[in-house]
Amino acid sequence: MKITTKINLITTAWVLCVLIAVNSVVFFSFMKITVNMEDDELHQKAETLIKEINKETSLADTKEKLLPYLANHSYIRVIHPDSKIVNQVTNDQQMAAKIKAKFADKKETERVTIKLKNQEEQIAIVRVPIKSNGQVIGTLEFGKKLAGLELGKDLLLSILTFCTILGAVLSLVGGRWLSNLIMRPISNMINTMEDIEQSGIPKKIVIQHETKDELHKLAVTFNRMIGRLEASLEKQRQFISDASHELKTPLTVIKSYADLLLRRGIRNEEVAHDAIESIYSEATRIQKMTEKFLDLADTESGNSLETKEFNLVSFCEKICKQLQAAYKREINLHFNEAWITVIADELKLKQVIIILIDNAIKYSMDKVEVYLEDSKKLTRVTVKDYGLGIPEYEIDNIFERFYRVDKARSRETGGTGLGLSIAKNIIKQHRGEIKVKSTVGIGTEVELFLPKRNEK
Ligand SMILES: Nc1ncnc2c1ncn2[C@@H]1O[C@H](COP(=O)(O)OP(=O)(O)OP(=O)(O)O)[C@@H](O)[C@H]1O
Ligand SMILES: [Mg+2]
């Protein structure tokens, strides 16, 4: 069943229940109040009449007194203690004949239903004792057909039934309108989602009115999610196109040298040697590049870190020693404390520090300085070089994938432009920060900030 139909049926059923309950209360209250009013009126009449009767000595002489109190469709009786009627006046013989006289020594009210001309009629009866010298000598009985009540009851019942039906119809129409109003944005979303499912292309929902309600919020959240998905797909597309572009150059070089070898290289040893050397170096470049692609994909996928606590000083000492030996360049490590505790993924942090020192070595000719500083909240690692420097307007770009400030030089140094992107991803995973300060011709300082606690 559609949700609109469900909402509609439930609201209508509820409104119907409420109307029936309210109308029942109205109906029964009306009945009670009207009947009580009739009873009170009869009682009052009876009380007034009793006062007059009490002045008489004999009950048999009361007939004259009864007549002025006779209302439409009623009777008044004076009844002897043996339940015999002493006097009776009536304008509805048929009704009076159907009701048996009854002696009562105290006040009482009764309601009886009798059948008159195939119709049920309600009769209100009031009995009041007649006293003389403290003794009950008879009963005054008033009987009155509740004709107005029957009429009023039927009318009220018709009005209430009509109101209930009208209420139910209005609720059905209103419920339909309301559920359509609520469901319109949801249907919109469902259609958009179905479109996305079929075409595989992320698409945003068209928000017609800024209603600022939950549904508007849902649509905005959905659009934000789609926006992120689009951005990530765009990033992926860009990555594939950049990566294939990067691979194209070394592959072209390899292909052309292989071609050269095929044509005349084997006969000419010198040419063959050159070609094989070039093929080897370009293949190594491709290998390094693909390793970096994998690193980048790994850090971007947000894989969980294998963090542990270790001493940053001895950790950096080891890295510097290795790189110094490999690059034959002076790398100085500076620290104030011999023990700086960090909580991080050892392998990944090593990768970041290597990326930074590698850049410092590649883009400078002088020594490289590494500083370790510790504070209550942060641990700072600074890699400083006295090299080329980076123009200020390029600083934000160098974290972009495949971005290299000086393409020719980078090619010479074998750079792919992925190092800083990988480093940034890893530091982001550690909830840290990476900052670059640089002056062209003077040198560059790259700072890593690692939080003391790795709240994951
Ligand atoms: N210390 C530095 N001094 C001067 N320029 C730098 C420095 N570090 C980075 N750069 C510039 O930023 C660019 C991006 O650096 P990144 O490390 O991402 O790539 P890369 O070094 O070119 O290649 P690789 O992927 O091999 O690291 C470099 O090409 C270089 O132009
Ligand atoms: Mg680099």
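1. Conventions. The model is predicted, so local features need pLDDT of at least 70 and side-chain atom pairs count only at pLDDT 80 or more, while totals for chains, interfaces and linings use all residues. Residues are numbered from 1 along each chain as its sequence is written, chains are lettered from A and ligands numbered from 1 in the order in which they are written, and side-chain values use heavy atoms, with hydrogens and water left out.

2. Helix α10. Helix α10 covers residues 419–429; here helices (H or I, at least four residues) and strands (E, at least two) are DSSP runs, numbered from the N terminus. How many of the residues of α10 are buried? The count is 9 of 11, so α10 is largely enclosed by the rest of the structure. Buried means under 20% relative accessible area, exposed over 50%, and partly exposed in between (1.4 Å probe, protein chains only). The buried residues are Gly419, Leu420, Ser421, Ile422, Ala423, Asn425, Ile426, Ile427 and Gln429. Their cover includes α6, α8, β11 (433–439) and β12 (443–451).

3. The pairing of α6 with α10. The axes of these two helices come within 9 Å and cross at roughly 25°. Axes are lines fitted to C-alpha atoms, for helices over the stretch in contact, and angles run from 0 to 180 degrees between N-to-C directions. The helices α6 and α10 are therefore roughly parallel to each other; angles under 35 degrees count as roughly parallel, over 145 as roughly antiparallel, 65 to 115 as roughly perpendicular and the rest as oblique. The crossing of α6 and α10 is left-handed. A crossing is left-handed if the near helix is turned anticlockwise from the far one by less than a right angle, and right-handed if clockwise.

4. Residues between α6 and α10. On the side of α6 the contact (heavy atoms within 4.5 Å) is made by Lys292, Asp295, Leu296, Thr299 and Glu300, and on the side of α10 by Ser421, Ile422, Asn425, Ile426 and Gln429. These residues divide into 3 nonpolar, 4 polar and 3 charged. Ala, Val, Leu, Ile, Met, Phe, Trp, Tyr, Cys and Pro count as nonpolar, Asp, Glu, Lys and Arg as charged, and the others, Gly among them, as polar. As background, an α-helix has 3.6 residues a turn, so residues three or four places apart point the same way.

5. The pairing of α7 with α8. Helix α7 (residues 312–327) and helix α8 (residues 346–362) have axes that come within 11 Å and cross at roughly 45°. At that angle α7 is oblique to α8, and the crossing is right-handed. Among the residues that make the contact are Phe315, Ile319 and Leu323 of α7, and Leu349, Ile353 and Ile357 of α8. The contact of α7 with α8 comprises 12 nonpolar, 1 polar and 3 charged residues.

6. Arginine 401. This residue lies in the loop between β10 (378–385) and α9 (407–413). Is arginine 401 buried or exposed? Arginine 401 counts as buried because its relative accessibility is 15%. A polar atom of its side chain lies 2.8 Å from the backbone oxygen of lysine 235. Apart from neighbours within four places in sequence, arginine 401 is in contact with Lys235, Phe239, Asp242, Leu296, Glu300, Gly417, Leu418 and Ser421.

7. Two residues with positive phi. Arginine 431 follows α10 and is found in the loop between α10 and β11; its phi is near 60°, a positive value in a residue other than glycine. Histidine 73, in the loop between α2 (63–66) and β1 (74–79), has a positive phi near 45°. Histidine 73 counts as partly exposed, at 36% relative accessibility.

8. Glutamate 38, in helix α1 (residues 3–55), is buried at 17% relative accessibility and touches Lys144 and Leu146, not counting residues up to four places away in sequence. Histidine 216, in helix α5 (residues 214–265), is buried with a relative accessible area of 10%. Its C-alpha atom is 9.8 Å from that of isoleucine 186, which is 30 residues away in sequence. Glutamate 269, in helix α6 (residues 269–300), counts as exposed at 70% relative accessibility.

Methods
A polar contact is a pair of N or O atoms within 3.5 Å; within protein, one must be able to donate a hydrogen and the other to accept it, and residues adjacent in sequence count only if both atoms are side-chain atoms.
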